[in-house]
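Student: I would like to learn how to read a structure like this one. Could we take it feature by feature?

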Amino acid sequence: MLLIVTYSRGARQTLRNVCSTHTSPVVRRFGRAALFDETELAAFLALRLREKHGDDVQIERTRPFNEFTAVPDDVRSAATAYENRDSPSTSYAKFAAGTGHPSPNALQDREL
């Protein structure tokens, strides 16, 4: 997919116009940003925005996030266990202490 992010009022207005006129490549709108299907039409529209508004438009190529292939089992199980904890006010750091779940520092230092 293509992620188009706008940084000015004029670029946002043009993005809104593009999304309402060309609905087929639009996957989702987020106000000042939009996700487009990765098609030549989407690339044309994104490049047109960039040509009109210059650096006020950022274009990034993204790929879907598959939690089952990208995230280790211990992280997924820690997220499940944490959301099912007895006390909703317990921080993750306290919850993970003394368990087999990774600490917040360990999570922060590991890349996906």
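Tutor: Let us begin with accessibility, where buried means under 20% relative accessible area, exposed over 50%, and partly exposed in between (1.4 Å probe, protein chains only). Keep in mind that this is a predicted model, in which local features need pLDDT of at least 70 and side-chain atom pairs count only at pLDDT 80 or more, while totals for chains, interfaces and linings use all residues. Residues are numbered from 1 along each chain as its sequence is written, and side-chain values use heavy atoms, with hydrogens and water left out.

Student: Is Asn17 buried or exposed, or in between?

Tutor: Asn17 is partly exposed, because its relative accessible area is 39%.

Student: Where does His53 lie, and what is it in contact with?

Tutor: Helices (H or I, at least four residues) and strands (E, at least two) are DSSP runs, numbered from the N terminus; His53 lies in helix 2, residues 40-53. His53 counts as buried because its relative accessibility is 17%. Contact means heavy atoms within 4.5 Å, and, leaving aside neighbours within four places in sequence, His53 is in contact with Gly10, Ala11 and Thr14.

Student: How many salt bridges does a search of the whole structure find?

Tutor: Side chains of opposite charge can pair when their charged atoms come close. A salt bridge is a side-chain nitrogen of Lys or Arg within 4 Å of a carboxyl oxygen of Asp or Glu, and the search of the whole structure finds four. One of them joins Asp74 and Arg110, with the closest N and O atoms 3.2 Å apart. Asp74 lies in helix 4 (residues 73-83) and Arg110 in the segment after helix 6 (104-109), so this pair ties together parts that are 36 residues apart in sequence.
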